[in-house]
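Me: I'm new to this one. Can you walk me through it?
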Amino acid sequence: MSVDKNIFRRRRTKQAETVDFHSGKPVHWKSDEQVDHYVATHCCYCGVQCGMYLKVAQGKVVGVEPREDFPLNRGMLCPKGTTAYQTVNHPERLTYPLMRRSGKDSPLERASWDEVLDAIVQRFGGIQQQYGKDAVSVYSGSSLTNEKCYLMGKFGRVALGTRHVDYNGRLCMSSASGANERSLGLDRAANPVSDILHADCVFVIGANIGECFPIVTSYLWQARDRGCKLIVADPRQTPIARTADIFLPLRSGTDSALLNGMLHVIIKEGMLDEEFIRERTVGWQETKALVEQYPPERVAKVCGLRPEAIIEAARTYGRAKAAMIYTARGLEHQSKGVDNGVTAVNLSLATGNFGRPGAGYGTLTGQGNGQGGREVGQKATQLPGCREIENAQDREYICSIWGIDEQDLPHAGYPATLMIPAMLRKELRACLMICSNPMVSLPDQHTVEQALRGLDCFVVIDFFLSETAELADIVLPGSVWAEDEGTTTSLEGRVIKHNRAVDPPGGARVDWQIVCELAQRLGKGQYFQFQSPRDIFDELRLCTKGAKSDYWGITYEKIEQQNGVFWPCPTQDHPGTPRLYEQRFGFPDGRARFHPIPYIPAAEEPDEEYPLVLTTGRVIYHYLSGNQTRRTPFLKEQAPYPWVEMHEQTAAWLDICEGDWVRVLTRRGEMTVPALVVRSIRPDTLFIPYHYGHTQAVNQLTNPVLEPMMKIPEYKVCAASAVRTTEKPAWANDEGVAELIEARKRRRELPSAHARPQPTMR
Amino acid sequence: MLQTVKRIFLDPSRCIGCRSCVAACRECDTHKGESMIYIDYIERSDTVASSPTVCMHCEDPLAPCAQVCPAHAILVSSDGVVQSADETRCIYCENCGYACPFGVPKFHIAQQYMQKCNLCYDRTIQGKGPMCATVCPTQAIFYGAYEDWLAAGRAQQGAKPINDFYFGQQKVHTRNYVVMTSQDEELDLMALVDDVSLTELVEMPEVTAARNADAWVDADSAGIPQREVPSQPWTPRTVPVREPVRATIS
């Protein structure tokens, strides 16, 4: 049991302000505010899209109230969701446009909307005239509503006329959609989250559900109350791995070997669903022949596991009447992310685990609209509704709705990750970026910085001055989620709606209005005659009519009535499709595909110079690049700076104690972070959370190799070395950080980043 | 009648240490910005295990904090909820802090009075759950009657709520429960303390992370087929040309 004993310190002087017990600092809360009304909406952060009410008083969002009528989270919220409202009135919000008036070296100065919009039109126009339409790119994001994502795709292709439109989902989970499309024919989680309650076994591989999708954890625990077995594969003991029935601490980058090995056991012990394989799949023989060569005894050596554990996991999974597999970035952020996803689907298909309650496979989308963002036509190769940009019929249909000539619709362009080398080659000379922070999120930061700095015109729409916006020539102040309405598609494929609570502060504008205004000034206003997000959604619905992700039957009213609608929903009276693949898979013949996937080692394996594996990931307190959550005081205080997690054996070998400064080096760069010495990680693995920018960014170190099909970078595996250092990084001397480091001394689960402590007695 | 009293059930085995409860407690209008609930990482060097601590609303002895209060600042309402100190009465003597078996009361340094969990009295008297239990993403903090807890299927795998705690000879019976296993009748905290002091000599239990882990070799040595894929760096290797220019807003 606990109490913070510093609380017993008595102060003689009375102070006027309220003091926060946790930090001991004054806070400026008001608790006497009369709430005018509650706005039913959803959280802006991860793909779970929890329902919540925002409290509005005098035109300002002042708090949050749990919303127990939304069936997925029933009032539950994670700490990010609980504090999400604090970004709305945040003092660091951008409230007027910023612009560098005389070149790259001049400061970002306040400008008027007319000035910046004219400048954008003029500079983009000049560049396009001189170097061709494709010299300008659009780099969008997936934490936007479907309406905005759709608008960005249309804006890039119709208003700018460029091929190069892509989005940050490329770095998030594009390999999962690659795997879904190759194996199942549809790119969506197969089951609603509530199906977990019917499962007899849940296999979580490469997904830190406890920290990244906290609400889903409650479904896991409820299933386990019924006796459901939980298998977790992760190089670290994550919160759900701690009590898992089987925990496989596999070496990063060996997921496909493990999954092949498990399938080998399932074949050998006769746990296949022969009828399902015969009736509903194709390509089984090739896959069977391949996994024949992956006996668990050998696979275990590659994965760094005990073979008995793999056999036990395979038996537990294979014997379950209904089993689910959940994957996330751990498996997808690899140079063979698509292959890894396919091997997971192979396992599900071979055991007939599809289309029933509690039987399925799903990838957990990290971004709020990670699902919708990858369907509505902002991907380099895609038109709205998961239509193909190179498919003649799809092109014709979309052009007929947009009212443009087919000749004028650009073809496929560069994926987001390949835009950076194209910028370095001067093939891309300008970029419009929204809802993205590649100066935290892309690997090989030094090169990314060089590419972005080299742009002739770099425009960023954001509501905070992110690490990326700092490099922009023009920054447009956009809106947060509470200032606009629109739909998102959650990780279950449920289309839900965010509602508007307040207006943007000061001179900030709603994102879709900025984009439509720009289109107007670019002379393409007739294609962007939208009066409200509803108009955009109606056009989007029409675009998806009859397509794979069919939104035609979804309306704002229906979302309201049904608490969200699962796509595909082809007609007005269709209730939506919570569970996919009950009768048929997404391919024309209705059958799923097996693909034989041999094991591919990580692009960079440890060697003598770099003997450890560095892996990256998220912590519960931060969302993606941390642009919002690092500005939320409660969250910042919980995880104020990055650290390196290492096993005590490794620490002893390197002569490192908890709290020591450690220089972590890879072939790309180095960074200095405090050490957290634990026994909850593989001894050959280092972990650094990635949410931080500048010299705190672990992506200075990660390996910029790409998956061949979807071009996702390999964030999760690279070779690294670590040495103890006495030299503090410059960021540790910043005033704010120094205070937080001081506060850390009182809490023990994070490295205290202070002087070398006494070793604890064991 | 007693069984229908709504209580908090704390289940550390479900806790993921996210501090959602802490963040939500701070949102309460009566003590905005301050949290009355604690999350501790038990032994971060060994495990990610964490555990919530909140006022247990002691029933027998009834509210030791209130009993030792010389200013009668801590009131117990008729439904057995131990209230936070009445700040107009509290003399900031900190007696309650020493009397509390669980270390719950917090002392408002600046304003000089005690504050503690009052079971979100403003919410619970209107039938709503307390903030912490409502938001808890794993339902490690469950709010409801004992029957509700059973009806939620929590007992199926041998979990059992305990509300008798021993501190040496002193038994404390509380309104709120801590979920243990079916073998447990009560929680003897002094015995736990004795166990802890033995660990210098006792070998630490194996961490789950180590149980199934082993050394590794490459695919050639292991003898499984692999496909060599040429590495595709997406950016040429270069170093930054200039130091970052901090954006200035004039």
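Here is a short chat about a sheet in chain A and some totals for chain B.

Reply: Keep in mind that this is a predicted model.

Me: Okay. In what order do the strands of the five-stranded open sheet in chain A come?

Reply: The order is β12-β11-β10-β14-β15 in chain A, and the pairing is parallel.

Me: Which strands stand at the edges?

Reply: Those are β12 (246-248) and β15 (360-363) of chain A. Each has a single partner strand, so one side of each is left without a neighbour in the sheet.

Me: And how are neighbouring strands turned against each other?

Reply: By 15° on average, with direction ignored.

Me: Let's look at β14 in chain A. How many bridges does its pairing with β15(A) span?

Reply: Four bridges, in the parallel sense. Strand β14 of chain A covers residues 323-327.

Me: What does I325(A) stand opposite?

Reply: Y361(A), which is in β15(A).

Me: Which strands does helix α14 of chain A lie across?

Reply: Helix α14 (residues 337-350) lies across β10 (201-205), β14 and β15 of chain A. The helix runs at about 160° to β15(A).

Me: Switching to chain B. How many helices and strands are there?

Reply: Chain B has nine helices and 12 strands.

Me: What share of chain B is buried?

Reply: 52% of its 250 residues count as buried.

Me: What about the accessible surface of chain B?

Reply: That comes to about 11,400 Å², and carbon and sulfur atoms hold 55% of it.

Me: Last one. How much of the contacts in chain B comes from residues 24 or more positions apart?

Reply: They account for 54% of the chain B contacts with a separation of 6 or more.

Terms used:
Residues are numbered from 1 along each chain as its sequence is written. Chains are lettered from A and ligands numbered from 1 in the order in which they are written. This is a predicted model: local features need pLDDT of at least 70, side-chain atom pairs count only at pLDDT 80 or more; totals for chains, interfaces and linings use all residues. Side-chain values use heavy atoms; hydrogens and water are left out. Helices (H or I, at least four residues) and strands (E, at least two) are DSSP runs, numbered from the N terminus. Buried means under 20% relative accessible area, exposed over 50%, partly exposed in between (1.4 Å probe, protein chains only). Contact means heavy atoms within 4.5 Å. Accessible areas come from the Shrake-Rupley method with a 1.4 Å probe; for residues, only the protein chains shown count as cover. Two strands pair if DSSP finds at least two bridges between them. Axes are lines fitted to C-alpha atoms, for helices over the stretch in contact, and angles run from 0 to 180 degrees between N-to-C directions.
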